[in-house]
Number of protein chains: 2
Amino acid sequence: MELVERMLSGALQPLSRLISLVERGYPAVTEIMKGIYPRLGRAYSIGITGPPGGGKSTLVDRLTAVARSKGLSVGIIAVDPTSPFSGGAVLGDRIRMQQHYLDPGVFIRSMATRGSRGGLPTTTRNVMKLLDAFGKDIIFVETVGVGQTELDIMETVDTTLVALVPEAGDAIQTMKAGLMEIADIFVVNKADRPGADRLVVELESMLMLSPRMNQWQPPILATQAINDVGIGELYREAKRHQEFLESSGELLRRRRQQRKEEFLHAVEHRLRNRLSLLMSENERLRSLLGQVENGEIDPYSAVEITESEVLSRGRLPGVGQPP
Amino acid sequence: MELVERMLSGALQPLSRLISLVERGYPAVTEIMKGIYPRLGRAYSIGITGPPGGGKSTLVDRLTAVARSKGLSVGIIAVDPTSPFSGGAVLGDRIRMQQHYLDPGVFIRSMATRGSRGGLPTTTRNVMKLLDAFGKDIIFVETVGVGQTELDIMETVDTTLVALVPEAGDAIQTMKAGLMEIADIFVVNKADRPGADRLVVELESMLMLSPRMNQWQPPILATQAINDVGIGELYREAKRHQEFLESSGELLRRRRQQRKEEFLHAVEHRLRNRLSLLMSENERLRSLLGQVENGEIDPYSAVEITESEVLSRGRLPGVGQPP
């Protein structure tokens, strides 16, 4: 595929074009992903999540500046969830990143979650792969943490930063368990505001009470991203987490798990497509669906009939396009 | 099934027992659901969602009192999401409902979403069905709205109340689109606090700008649940929405859609179970999965191989237990 070749040789426009194709789920996705596969696995990914208003974009912006000063190339994926109770990243946040817009070593892409219902879009991983294949050293994935997004991000990136602000203190009590699962590093941003010290102490005591699954003890860092305070240390802690993951074998384990999940997800997606095609083509199943809708048959009996119909055909019908 | 018979004849203990079986996903679920199927469809369901701290439990409590005063029996399902950034319903909230704990006409059940990753547990619908078959006239489903929960609830219940508090005003700007999709009725609770009038005005102007999918214009009600202010009117508006749904044919359409979704979901679930069984039993697929985990094959090629393996067998293997 010529577009892939050009992207792999470092051209930016083909990269943008490929990301668009992947985002829209065009049939070419399979071909693209096969094409870039041999070039995957170099990039290190860092996710930044947390409630709205935590300064996540500014944190990414400043961390990007540190990475650039070390000569590393950076990809940024900003995911804007449109969940009703979360708020979404406000456009103004992005504007703070504009210092990097003219830097050819930084590639920034926004993605909306509209349609994927609060979770991280399944296309996010493919976009990350494109950035990886393109040769980015670090990929930042920034997203407002709501619903299952923050669990998705933990499973998608290598290091997860959870960014909180001092005002979050009161809410912390009710979010303990979830936060503990997710954060590799806690960031108390806007730490010049009242309550920052208290929040750090609260997080510390939560961490002491919470048994870790592995040997990593999540550090808690106070930052003021907007004033560039604490960013160097945050960067070093992220680096230290990377080294921990590598030396402990955890990185390898995670990547294996990610590949497995992705594969199983793709198989399921394919079967689901085939099933819905069968549902629309097969006369018996169409009429069964009508009975279900009318409440003339209980869904459990209907499932059994569907199953035997699918199996009696010997196979599910083919569909044109893989997931 | 004897337990089902006893529940259908009005015994409370078998109801609790059946709910537990359904929640835990025991194999008996299919048998239970088939058994209660002929008795379904009488109950009217009202969902109450919104950010934490909106007084949702108190609203349910007061609406329950109104329903009871009209001689209607009530079921309450309180779903506690354990999403890290949402908080979850605090136990203390439940305590406010205790006036109903001794009322045999009110059945209260808490469900945790742990495991279903932020969405409404798939078992919620089955528990609602048990309450419906048991003969409850009204079923309240209360849940903190986060991630996809509030979309799930909209698809699960007949009437959706979105409960906000005056302080939510500032956040409203960023959540417009989502709220409009969900709410059949807006409740500005704790309306004695500053900012209540402003929030009502903001919601009104949002509603004017937002095209409705149907003829229902969501009302905005100011309440103080804790002082029992505005509850009668809220109850009447919920009733008015029910009448709108019935007379417009919308209720019928929604129930058809719910049945269809539920059926398709169950079919997918069954196929997924069969697939994972095949994955563990089939030597070729097991070794393929190993290659995927090791990164020795790209997932898309692996999907194609899996597919042909599944199809060459002619059928997926059987599994013991339906969804």
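B:V303 counts as buried because 25 C-beta neighbours lie inside 10 Å, where a residue is termed buried if 20 or more other C-beta atoms lie within 10 Å of its own, exposed if 12 or fewer, and partly exposed in between, with C-beta atoms placed from the backbone. This residue belongs to helix α13 (residues 299-312) of chain B, helices being DSSP runs of H or I with at least four residues and strands being runs of E with at least two, numbered from the N terminus. Between B:V303 and B:V292, which are 11 residues apart along the chain, the C-alpha separation is 10.0 Å.

The model is a predicted one, in which local features need pLDDT of at least 70 and side-chain atom pairs count only at pLDDT 80 or more, while totals for chains, interfaces and linings use all residues. Residues are numbered from 1 along each chain as its sequence is written, and chains are lettered from A and ligands numbered from 1 in the order in which they are written.

Also in chain B, B:H100 is placed in the loop between α5 (91-95) and β3 (106-112), and B:H100 is partly exposed because 18 other C-beta atoms lie within 10 Å. When neighbours within four places in sequence are left aside, B:H100 is in contact with B:D61, B:T64, B:V106 and B:I108, a contact being a pair of residues whose C-beta atoms, placed from the backbone, lie within 7 Å. B:D61 and B:H100 are 39 residues apart in sequence, with a C-alpha to C-alpha distance of 7.8 Å.

Most residues other than glycine have a negative phi. In chain A, by contrast, A:K190 has a positive phi near 55 degrees, and its place is the loop between β6 (185-188) and α9 (196-209); A:K190 is buried, since 24 C-beta neighbours lie inside 10 Å. A positive phi of about 60 degrees is likewise found for A:D228, which is not a glycine, in the loop between β7 (220-222) and α10 (231-248) of chain A; A:D228 is partly exposed, with 14 other C-beta atoms within 10 Å.

The model scores ipTM 0.73 and pTM 0.69. Chain A averages a pLDDT of 82, and 81% of the residues score at least 70, pLDDT being the predictor's confidence in each residue, from 0 to 100. The pLDDT is below 50 over residues 83-93 of chain A, a stretch that has 36 contacts in the model beyond near neighbours in sequence.

Methods. Contact = placed C-beta atoms within 7 Å.
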